[in-house]
2 protein chains.
Amino acid sequence: MSTLLLDDLLEPIRPELAQVERVTQDALADATEPLGTALRHAVSGGKQLRPALAVLAGHMMGAPLTSVYRLAAALDLLHAATLIHDDVVDDAAERRGRHTLHTVWPTGATVLAGDYLLAQSIALIADLGQPRLLQVYAGVLRAMCAGEIRQSVTAQSQSGNREEYVRRIEAKTAAFLAASAEMAGLLAGASDAQLAALDAFGRELGLAYQIVDDVLDLVGDQDRLGKPVGSDLRQGLITLPIIYHLEQAGADDPVRAVLAGQRCTAHVRAASAVICQSGAIELALTEARDHARRSQAALTTLPDNDARQVLWSLVDYALARSQ
Amino acid sequence: MSTLLLDDLLEPIRPELAQVERVTQDALADATEPLGTALRHAVSGGKQLRPALAVLAGHMMGAPLTSVYRLAAALDLLHAATLIHDDVVDDAAERRGRHTLHTVWPTGATVLAGDYLLAQSIALIADLGQPRLLQVYAGVLRAMCAGEIRQSVTAQSQSGNREEYVRRIEAKTAAFLAASAEMAGLLAGASDAQLAALDAFGRELGLAYQIVDDVLDLVGDQDRLGKPVGSDLRQGLITLPIIYHLEQAGADDPVRAVLAGQRCTAHVRAASAVICQSGAIELALTEARDHARRSQAALTTLPDNDARQVLWSLVDYALARSQ
């Protein structure tokens with residue numbers, strides 16, 4: 001499979017993503033300085049995967065365009081808000097190749113900036129006038145927080161089993177993509193069966209996407225990733241390929257040494273190499289492919305049109321990044 | 001005027017506040033440990049002023065009881081969420097006489113715990129099914145964040161003028177009380193004129209309440225306040241009595257010394273005493289009384305019943321705390 005480029009895939013909806021961007025920027029127009037500049041910085045430069053998903057799902061289901069742009073902007077703002085808070089949680093210095101707000105502002109002000117984005121995101125949802133949208137929205141926010149807290153407070157006691165991993169990435173990534181697709185369906189007045197299919201499509205896509213992300217962290221190219229290989233391992237974050245590897249690794253395996261605390265670059269590189277040479281990567285990718293297939297299976301029950309075709313390709317893209 | 005006790009005032013609605021408390025606790029029931037315990041701790045022990053306001057305003061306007069309890073719980077959760085984030089902002093060690101979550105958990109997990117409460121608060125609002133409720137809700141969240149950020153990022157350059165002060169306490173306290181009253185009116189299907197009166201009632205009450213709070217910080221009893229006299233001054237926070245004092249103070253006034261950085265206890269005490277001996281306290285209280293009168297004036301345009309009488313007394317209470 002040739003490498004799919006997200007930019008190429010999203011080319012047909014580029015003018016619409018620009019519309020979404022305008023709604024997002026309008027939502028920040030009232031913020032006084034220095035808040036305004038900080039927020040405009042925080043919401044720009046992303047891959048726009050979530051707004052794209054909402055726009056495409058909206059098209060597929062025939063939702064009114066203005067509402068779709070507003071929803072997509074609300075999701076983009078929510079995503080930016082959670083990233084700002086996550087950077088505080090992880091004490092991260094860089095995001096999207098730029099300094100995080102967290103490194104420039106005091107922690108407290110950074111937290112409040114995230115809250116402000118959340119407030120503006122909620123305001124956009126409120127304007128859409130559908131209480132059920134808000135229920136889905138509140139559900140995904142709760143799932144993300146609960147998942148992050150579990151990870152943050154229980155990091156020391158991570159058992160590294162597959163079930164726990166899936167629960168974590170479901171909360172971190174999949175719930176958001178599921179909600180994005182479902183909310184677009186709500187705007188179109190989709191049936192309950194269609195809403196369930198949209199949810200399943202987004203959720204399975206999210207699981208596939210995150211597993212591939214976690215694989216790329218081990219096998220990827222440092223320059224393309226924008227972070228050193230084995231970052232997760234270095235942070236003690238036990239991802240699916242690591243779990244598969246540990247299930248068949250001996251007591252003196254270099255991966256265990258890293259997880260036990262030997263986190264210098266040489267140890268992390270050695271451990272990453274061992275995982276790549278085991279069958280763990282292939283096992284994880286097989287699982288990602290299963291999720292991708294289930295995501296596309298859900299799509300087949302939804303209206304067949306150009307937008308659906310792009311969504312189908314987005315699922316392929318989620319996998320192809322690993323090739 | 002004899003001292004009014006909030007507990008006595010709220011006695012008639014004590015069983016209803018217990019109902020609100022049940023809704024709040026139910027909203028936290030799904031939180032896994034250690035999150036659940038932390039959140040139950042965070043939402044208990046407050047004065048319940050905001051839920052009481054929503055319940056009383058709901059009664060006054062004839063809103064359905066179940067909806068009112070849900071709204072009151074949502075407001076209580078929102079308030080608890082903002083307090084958790086504020087404690088991170090202020091690096092506060094104690095709140096309501098107990099350790100803050102912030103001192104027990106990592107900063108990041110604490111931020112996420114606030115986000116979780118916010119998510120549950122939004123979910124309750126969503127269940128009420130009125131988009132306009134959410135618009136008011138989003139507005140108050142945005143106002144509070146923007147106000148706190150302004151205070152946090154521009155703390156060094158505080159000019160200490162009255163206009164800036166009012167803007168700050170409006171965002172910090174008054175907007176929330178205004179929204180609490182207005183949202184209760186929305187549940188009752190109140191007219192636009194009534195909604196405006198409810199907003200004005202809550203906003204003016206909030207301004208009066210916060211000014212008295214700021215006066216008590218200087219003239220109050222350390223044991224009753226639960227914090228040392230002059231805490232605001234020590235933090236360089238320029239409140240209304242301090243502003244009035246500075247408007248007529250000489251260049252060598254002890255208050256200027258504290259604001260310039262001499263923040264040991266002896267200096268803060270001397271400066272607090274000087275403010276109390278000037279006419280600044282009385283000027284600030286006069287302003288609080290003006291706001292209280294405007295709050296009660298707004299009430300007179302609303303349905304006359306027992307609940308309105310308690311709200312009227314709540315305004316008296318806001319002032320009487322200072323006597």
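**A loop and the helices around it**

Author: Let's start with Gln48(B), which sits in the loop between H3 and H4 of chain B. (Helices here are DSSP runs of H or I with at least four residues, strands are runs of E with at least two, and both are numbered from the N terminus.) Before going on, a word on what you're looking at: this is a predicted model, where local features need pLDDT of at least 70, side-chain atom pairs count only at pLDDT 80 or more, and totals for chains, interfaces and linings use all residues. Residues are numbered from 1 along each chain as its sequence is written, while chains are lettered from A and ligands numbered from 1 in the order in which they are written.

Phi of Gln48(B) is near 60 degrees, which is a positive value in a residue other than glycine. Gln48(B) is also buried, as 21 other C-beta atoms lie within 10 Å. (Buried means 20 or more other C-beta atoms within 10 Å of the residue's own, exposed means 12 or fewer, and partly exposed is in between, with C-beta atoms placed from the backbone.) Over in chain A, Gln48(A) is in the loop between helix H3 (35-43) and helix H4 (49-61). Phi of Gln48(A) is near 60 degrees, and Gln48(A) is buried, with 21 other C-beta atoms within 10 Å.

Now follow H4(B) itself. H4(B) packs with helix H17 (residues 306-320) of chain B at an angle of about 145 degrees, their axes 7 Å apart. (Axes are lines fitted to C-alpha atoms, for helices over the stretch in contact, and angles run from 0 to 180 degrees between N-to-C directions.) The crossing of H4(B) and H17(B) is left-handed, meaning that the near helix is turned anticlockwise from the far one by less than a right angle; clockwise would be right-handed. Leu56(B), Ala57(B), His59(B) and Met60(B) make the contact from H4(B), and Ala307(B), Arg308(B), Val310(B) and Leu311(B) make it from H17(B). (Contact means that the C-beta atoms of two residues, placed from the backbone, lie within 7 Å.)

H2(B) has 14 residues and spans 20 Å from its first C-alpha to its last, close to the 20 Å expected at 1.5 Å a residue. (That expected span is 1.5 Å times one less than the number of residues.) Its buried residues are Glu16(B), Val20(B), Thr24(B) and Ala27(B). They take up an arc of only 90 degrees around the axis, so they are on the same side of H2(B). (The arc is that of the directions from the helix axis to the C-beta atoms.) The other side of H2(B) has the exposed Arg14(B), Pro15(B), Ala18(B), Arg22(B) and Asp26(B). What covers the buried residues of H2(B) includes H3, H4, helix H5 (65-90) and helix H7 (107-128) of chain B.

Chain A gives you a look at how H2 and H5 pack there. H2(A) and H5(A) meet at an angle of about 60 degrees, with axes 8 Å apart, and their crossing is right-handed. Among the H2(A) residues that meet H5(A) are Val20(A) and Thr24(A), and the H5(A) residues include Tyr69(A) and Leu77(A).
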